[in-house]
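Please look over the sequence and the model together before reading on, and keep the structure in view while the text moves through it.

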Amino acid sequence: MSKKLICHNCEAKLIKIKKFSNYYLVSSDCKPTFYKGDLSICSNCFLIQKPIDAKWKKRVNSIYKNYEMFKSARGEDQKLFTSNNNDQNDRSSEILNLINSKIKFKKNGSVLDIGCGTGPFLKSFSKEYSNWELYGLEQDKRFKKKLEKIKNFKKLFLNLDKIDKKFDLIVLIHTLEHVPNPVLFLEKIKYLLKKTGYLFIQVPDFENSPFDILVADHSSHFAKSDFRNYNKKLNLNKIFLFNKKIPKEISFLLKMRNENKILNKNLYNYNDFINKKIKLNIYFNSYKNFLNKITKLKGDIAIFGTSIAATWVAQSIKNKDYKFIDQDINKIGNYHMKKKILSVKDIHKFENIIMPFRRDLSLKIIKSLKLAKKRFILLDK
Ligand SMILES: [Zn+2]
């Protein structure tokens, strides 16, 4: 009955993380799944991952079937809270600003966006680099018409193995965490880069986003140390690592190395394994205490935001009544989990405000709200 589960990255044995199955999962387009799942860590490459078995595949296919792109991290109007204030910028222009701050692309070129969705990055890119040819890769043709409206959009590829050209820039924004066998995937992508080409990768940062492991359709949960190993393995050179400006994500700009370096055989460091296990324990204790605190609340409850973490909290406290409040003006008045989303202006109506964010981000938001007397419920760590 029970088959031995192996790592989707290196095929070594997986170690099951027991406490994980106590918690509900959320889809990356912020919907409750109402199920719990498994999480493992590889005994060899130490990648934290969802075991890719038949059950996981079936569940993820059903998530993608009803996927709402605008609600996901790759969505068209996804707003991003920058670290120092509550200014909302869309993710694509923020990424482009980051890249532009470090390198200047030539006048003409070609860019491939892998997992392009409705094309928010390509759209921002074409405004700045109007002579570049734009290409996208997606699982299906759902957004083809929308993409074709973007200036200089040339082609939507549906299969990585069928791409027949090389690019000056390839971007993977919130894509790699969905892909089984990420190293093999990256290796294939490497060969689609021109010799002078750049690769930009952005994924959630396991060490700095406490709720990412609860995303049902994320099969890998990367830490910076994972990429240190992959870059070595793939002979890629890190040009820049952007972490300060987008603190919940790992964002890399990479280039191919010219020389072929001899691979260091002892690629994986056991210390990474220990650090990840410590972090996981911190997260599980935080979840437990957070939900315990919420269960004991008396009075009206508001959940701040309608993010993955907010959805997870709402799903986990099913028997309690609550409302959602959101800072994003585009969301106010809409419905989330069948509840109308209220504005931050309504916050004074609630005795308890649940802050489903990393603790330091919650403290920043609370400070900006200037509501010291209110009862905010925060993660411990
Ligand atoms: Zn592995």
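The paragraphs below go from the whole chain to its domains, its core and its sheets.

This is a predicted model, in which local features need pLDDT of at least 70 and side-chain atom pairs count only at pLDDT 80 or more, while totals for chains, interfaces and linings use all residues. Residues are numbered from 1 along each chain as its sequence is written.

The protein contains nine helices and 21 strands, where helices (H or I, at least four residues) and strands (E, at least two) are DSSP runs numbered from the N terminus. Its radius of gyration is 21 Å, close to the 21 Å that the globule rule gives for 381 residues, so the protein is as compact as a globular protein of that length; the radius is taken over C-alpha atoms, and the rule is 2.2 Å times the number of residues to the power 0.38. Along the principal axes, the C-alpha atoms fill a box of roughly 65 × 50 × 35 Å. Of the contacts with a separation of 6 or more, 61% are made by residues 24 or more positions apart, a contact being two residues whose C-beta atoms, placed from the backbone, lie within 7 Å.

The protein is divided into domain 1 (14-68), domain 2 (70-257) and domain 3 (298-377), with bounds that come from an automatic or database domain assignment. The centres of domain 1 and domain 3, taken over C-alpha atoms, are separated by 25 Å, and six residues of domain 1 are in contact with eight residues of domain 3. On the side of domain 1 that touches domain 3, β2 (24-26) and β3 (32-36) each supply at least two residues.

How much of the protein is buried? Buried residues make up 36% of the 381 residues, where a residue is buried if 20 or more other C-beta atoms lie within 10 Å of its own, exposed if 12 or fewer, and partly exposed in between, with C-beta atoms placed from the backbone. The largest nonpolar core has 85 residues, and those with the most contacts inside it are Val111, Ile170, Val171, Leu199 and Phe200; such a core is a set of buried Ala, Val, Leu, Ile, Met, Phe, Trp, Tyr and Cys residues joined through C-beta atoms within 7 Å. Leaving aside its neighbours within four places in sequence, Val171 is in contact with Val111, Asp113, Ile114, Phe121 and Phe200.

Strand β8 (residues 110-114) pairs with β9 in the parallel sense over five bridges, pairing being taken to need at least two DSSP bridges between two strands. Leu112 has Tyr135 as its bridge partner in β9, and four of the five residues of β9 (residues 133-137) are buried.

An open sheet of six strands, with mixed pairing, has the order β18-β19-β17-β16-β20-β21. Because β18 and β21 (375-377) stand at the edges with a single partner strand each, one side of each is left without a neighbour in the sheet. Two bridges join β18 (residues 335-336) to β19 in an antiparallel arrangement, with His336 facing Lys339 as its bridge partner. In the hairpin of these strands, which has two residues between them, Met337 takes a positive phi near 50°. Strand β17 (residues 323-326) pairs with β19 (residues 339-343) in the parallel sense over three bridges, and Ile325 stands opposite Leu342. Strands β16 (residues 301-304) and β20 (residues 352-354) also pair in the parallel sense over three bridges, with Ile303 opposite Ile354.
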